[in-house]
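Open the model in your viewer and keep the selection tool ready. Each stop below tells you what to select and what is there.

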Amino acid sequence: SGTDGFEIGFAPLYPKSQAYLNLGPGEVYLSSGTPMTYALGIYQQAQDGPDLIFQGVVALDFEPLQDFRTTTRGLVRALILVTLLSVGAALLLMIYRVRRLTHPMRRLAEAVNQIAGGDRAVRVEMTTRDELGQLAQSFNEMAANLETHDAALQHKVAETSALSDIGQEILSQVDLEPALQLIVERSHRLLQADASLLALRQPESDIFVIEAYSGAAAQAFATT
């Protein structure tokens, strides 16, 4: 059988070489060349006398040290190659997983920037069911709510603008001087003030003009 570069052979009464038969008790045989052979004769004490009976030879065939070193270097090279391939495969797998993780995060960041820029209709499509998928779903729900609220706010602004236009049109057609004077006089009596004045800011300017007044002090102030 072969074990780590050498062979162990059992050949009773069947020597590999004629030199095996010449081995006496305790003698060994060592050949030269490749492979090298180490042989030892096996003897047994006779039952009816002091003689030793030859039983066979134990022979070991093994490669020289140089061949063993060559084999060892080959194994080391193979081990280094397998290690490098394993490390390379691990690096490729890590890069793939990192890209798979960072790409959805980059998409979410871009969507956030679009939301900040006023685009409320942006959505993030993601099919994974992990934490990133849940984050994308929450982001889409937030974007939908923002879009709904933005639309409602724009509708309210449009209504307010329309009402303001209507009010300006009504004010331009009605004489407000009697109504304003009545408001000032009633406020004067209610507050028991010395004077009451009502001033309106002129359109597209920061100038206020007194439109109505009540009380002697207010009359003196209005006429100056």
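Select L40 first. L40 sits in strand β4. Strands are DSSP runs of E with at least two residues, helices are runs of H or I with at least four, and both are numbered from the N terminus.

A note on the model before you move on. This is a predicted model, in which local features need pLDDT of at least 70 and side-chain atom pairs count only at pLDDT 80 or more, while totals for chains, interfaces and linings use all residues. Residues are numbered from 1 along each chain as its sequence is written, and side-chain values use heavy atoms, with hydrogens and water left out.

Two elements each give two or more residues to the patch: β3 (28-30) and β4 (36-45). Which gives the most? That is β4, with three residues.

**The salt bridge**

Select E147 and R123. Their side chains meet in a salt bridge, 2.9 Å from N to O. The pair links distant parts of the chain, 24 residues apart: E147 is in helix α3 (residues 131-173), and R123 is in the loop between α2 (65-116) and α3. E147 is partly exposed, with a relative accessible area of 34%. R123 is also partly exposed, at 31%. A search of the whole structure finds one salt bridge. The term means a side-chain nitrogen of Lys or Arg within 4 Å of a carboxyl oxygen of Asp or Glu. Side chains of opposite charge can pair when their charged atoms come close.

**Helix α4**

Go to residues 177-191. The 15 residues of helix α4 should span 21 Å at 1.5 Å a residue, and its end C-alpha atoms are 21 Å apart, which agrees. The expected span is 1.5 Å times one less than the number of residues. Colour L180, V184 and H188: these residues of α4 are buried. They cover an arc of only 75 degrees around the axis, so they lie on the same side of α4. The arc is taken from the directions from the helix axis to the C-beta atoms. On the other side of α4, P178, R186, R189 and L190 are exposed. Just after α4, select Q192, which takes a positive phi of about 55 degrees.

What do the buried residues of α4 pack against? They pack against β6 (196-201) and β7.

**S214**

Finish in β7. S214 lies in this strand, residues 208-214. S214 counts as buried, at 11% relative accessibility. Leaving aside neighbours within four places in sequence, S214 is in contact (heavy atoms within 4.5 Å) with V184, E185, H188, D194, A195 and S196.

**Zoom out**

Show the whole protein. It has five helices and seven strands. Buried residues make up 15% of its 224 residues.

Conventions: Buried means under 20% relative accessible area, exposed over 50%, partly exposed in between (1.4 Å probe, protein chains only).
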